[in-house]
Amino acid sequence: MVQNSSEDQQGQKTVRDMKIGERGEICCLNDPEMALKLLEMGCIPGTEVKLNSKAPLGDPITIIVNDYTLSLRLDEAETILLKKR
Amino acid sequence: MAATIQAEAPEAKKAPVHQPVARIALIGNPNSGKTSLFNQLTGLNQKVGNFPGVTVDKKTGISQLTPGFKAQIIDLPGTYSLYPKSLDERIIIDLLYDPASKHYPDLVIVTADASNLKRNLLLFTQLADLNMPTVLALNMMDVAETEGVKIDVEALQRELGVPVIPMNARKGVGIAALKIVTSQQLASPGATFFQIPADLRPLVDQIKERFGLRNDYLALHYAHQYKSLRFLSEENKVWLDHLVEKEGFRSNAVQASETIARYARINELLLDVVRVEKVKEEEKFSNRLDQVLTHKVFGYLIFLALLFLVFQAVFAWASYPMDLIDQGIAAINTLIQENFSGPLINLLTEGVIAGLGGVLIFIPQIAILFAFIAILEETGYMARVTFMMDKIMRKFGLNGKSVVPLISGVACAVPAVMSARTIENWKDRMITIFVTPLMSCSARIPVYTVLIALVVPEVYYFGFLNLQGIVLMGLYLLGFVSAILSAMLLKVLLKARERSYFIMEFPVYKMPRWKNVGLTIIEKTKAFVLEAGKIIVAVSIILWVMASYGPGDSFERAEQRVQAEAQAKGYTQTQTENAVAAAQLESSYAGMFGRTIEPVIKPLGYDWKIGIALLTSFAAREVFVGTISTIYSIGEEENVTTIKDKLLAEKDADGNPFFTPARAFSLLIFYAFAMQCMSTLAVVRRETKSWTWPLAQLVYMSGLAYVAAFITFQLMK
């Protein structure tokens, strides 16, 4: 579930890599500290996320998770790994 | 399990019926309508923000639940969980984790946004596991309905084991039902949502035994959060330290799996409770609005246009009520002086009322500014501003949320520093507080206006660009740039205590509620009048005494000397009076101070008279104008009345005009940077809970002012 970053995750797609309007399913969170906050806000493994918009300078971004809009920075989005489709 | 828990209710609450007043804590997610509910229950209407975490102070109010049953309602800051992230949220654990405290609530009302139930229930299940008597106020039913979310309240009530009241707090729907149910709800919830994992049992049992706790989940929270629980003794903290170490308790991992387990449980119980009828594939109104308001180009243009409108309002529109206040105070003073006399009357008019006037005159600007900020927050636009500005602000060690304090700083640093409370990250918040006073506040305007009018010619370029206006704008820009650069400096110097993050709910756009806007204006203005006012008035009195008395008979001698001189030169009565006042000020304690510091300020181009003005400016900068107007009242032509003419008439030792552009600009730069505001220092002390920050600000800003003014004067001389 919550894992530390490791080699086998290299190259796995994260929320950071999504395009606007794209959907994905959360696989795991790879930053234990950030994970606490993200989990609280409903970013639970298995939940669907959709990249909603980006700030004019590309960072932060907003995602839709559990039917509400959540804003977060790219660095934080990078810790949310997506399931392979 | 349920039956045993019933018997275990913490400290076996007496039925509130026997108590004169029951204590009820109101808790919920940000934007769940918690403060609206508080206002409905207590009638004491207060601020509801759309910006997550706007409620900061612990607010309480009395509610008449049923005839003969009153309750004290405590409005707690909005939070997403019982693991606090910001300073405000710590209030919650301090209140809820100490059953022995006399403030410990008898009952908790949890507000939940019905349109976003899943996330809102996380907090509810945590509270339920603490086993406190709980009522769930299912708020914003109307929003849920328009989004096609159907909630089976009966089923939810069965699943949660507590009364669930569907309501719409904004309109007052469901309040009566909530009051009645609350007055009857004495029992604890029957359901447990998170089972303590077996490997944590030894830890939990030891904590329960040591602290005499009956609730497992509370004991677990002691293990998680003992470091920030203020009611625990040092000894107990050390004991917990050892225990946590011995048991190999990994707080982060335990917390993460708890949250995941809770969401799993919530998903499961909501399966039969919530039905989403419409699939809303069409874009929401908020999203379409965002495509314009956070657009790459238009987003910033609209923000700039809004800022321009705000400044226009603060500077142009506010001048009318400000003039009225100014004239009103002057009229009262004249009235008193014409009818009474004596030293006490002088103290009243020149000290107290003048000081009070200095405070009251800023009310229009502060009210207008906070009206705008409140509207922007209420509508949800402020969240977009922080969203658009975050990347830029981060480069300078700030945070998107620093935008509000920095903009507010243009009116007054006192409420601006207080508004930095919404920044969760310690380092970002400290940097924001530190640099906010560098923004040119409205107290600097009178100083700027007088000095610019003195040395900058009123020239127009292209028919509309006024040179004086350009210089004034340059000074504001100077304040902003120095704030940003100082933040960059601090970013390097300061060590971060925790990682900064920007994970926050993006609220949907809403119409502002004008009542809330009005209440914000009153709240902020009150904070300014009380915080800044008391210091400004006190210092005004001290300065009046210093300027009105001198050692020994120095005052009489000064008067005699000037009288003789006046007769020789044939002064008129007014000229003589002015000359006497000036000579007496010179020989007063304030004058002595000015002379003492003259060697220090000489390299900046200042003399002892400006030294007095610098001293008096410590109460509040705008006092500068009044002081120099008194000091330079030297017997000249009788029609010389404006400050500008007085200053123009001032000659240096060689008979040339004293106020050269070099001196005036040196003063302008000094006032742009210097920390000359006791009220700000007091508020920074209160907000940071240490003297280090206000003192560092005083030294840094005054040092910056000195060096910059020195360079300006030496270059322009």
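At what angle do helix α21 (residues 445-455) of chain B and helix α22 (residues 467-493) of chain B pack, and how far apart are their axes? In this predicted model, the two helices pack at an angle of about 140°, and their axes are 10 Å apart.

**Two helices of chain B**

- Because angles of 65 to 115 degrees count as roughly perpendicular and those over 145 as roughly antiparallel, α21(B) and α22(B) are described as oblique to each other, and their crossing is right-handed.
- On the side of α21(B), the residues that take part are Tyr448(B), Ile452(B) and Ala453(B), and these meet Gln468(B), Val471(B), Leu472(B) and Leu475(B) in α22(B).
- Sorted by class, this contact of α21(B) with α22(B) is made of six nonpolar residues and one polar residue, with no charged residues.

**A buried residue in chain B**

- Val435(B) belongs to helix α20 (residues 426-435) of chain B.
- A residue is buried if 20 or more other C-beta atoms lie within 10 Å of its own, and Val435(B), which has 30 other C-beta atoms within 10 Å, is therefore buried.
- When neighbours within four places in sequence are left aside, Val435(B) is in contact with Ala483(B), Ser486(B) and Ala487(B).
- Although Val435(B) and Leu485(B) are 50 residues apart along the chain, their C-alpha atoms are separated by 9.1 Å.

**Where chain A touches chain B**

- The contact between the chains involves 30 residues of chain A and 33 residues of chain B.
- On the side of chain A that touches chain B, the elements giving two or more residues are α1 (32-40) and β4 (68-72) of chain A, and the largest share, nine residues, comes from α1(A).
- The residues on this side of chain A divide into 17 nonpolar, six polar and seven charged.

**Strand pairing within chain A**

- Strand β1 (residues 23-29) of chain A runs antiparallel to strand β2 (residues 48-54) of chain A, and three bridges join them; within this pairing, Arg23(A) has Lys50(A) in β2(A) as its bridge partner.
- β1(A) also pairs in the antiparallel sense with strand β5 (residues 80-82) of chain A, over three bridges, and here Cys28(A) stands opposite Leu81(A) in β5(A).

Technical notes:
Residues numbered from 1 in each chain as written. Chains lettered and ligands numbered in written order. Predicted model: local features only at pLDDT ≥ 70, side-chain atom pairs only at ≥ 80, totals over all residues. Axes fitted to C-alpha atoms, helices over the stretch in contact; angles between N-to-C directions. Helix = DSSP H or I, 4+ residues; strand = E, 2+ residues; numbered from the N terminus. Parallel < 35°, antiparallel > 145°, perpendicular 65-115°, else oblique. Left-handed = near helix turned anticlockwise from the far one by under 90°. Contact = placed C-beta atoms within 7 Å. Nonpolar A, V, L, I, M, F, W, Y, C, P; charged D, E, K, R; others polar. Buried ≥ 20, exposed ≤ 12 C-beta atoms within 10 Å, placed from the backbone. Pairing = 2+ DSSP bridges.
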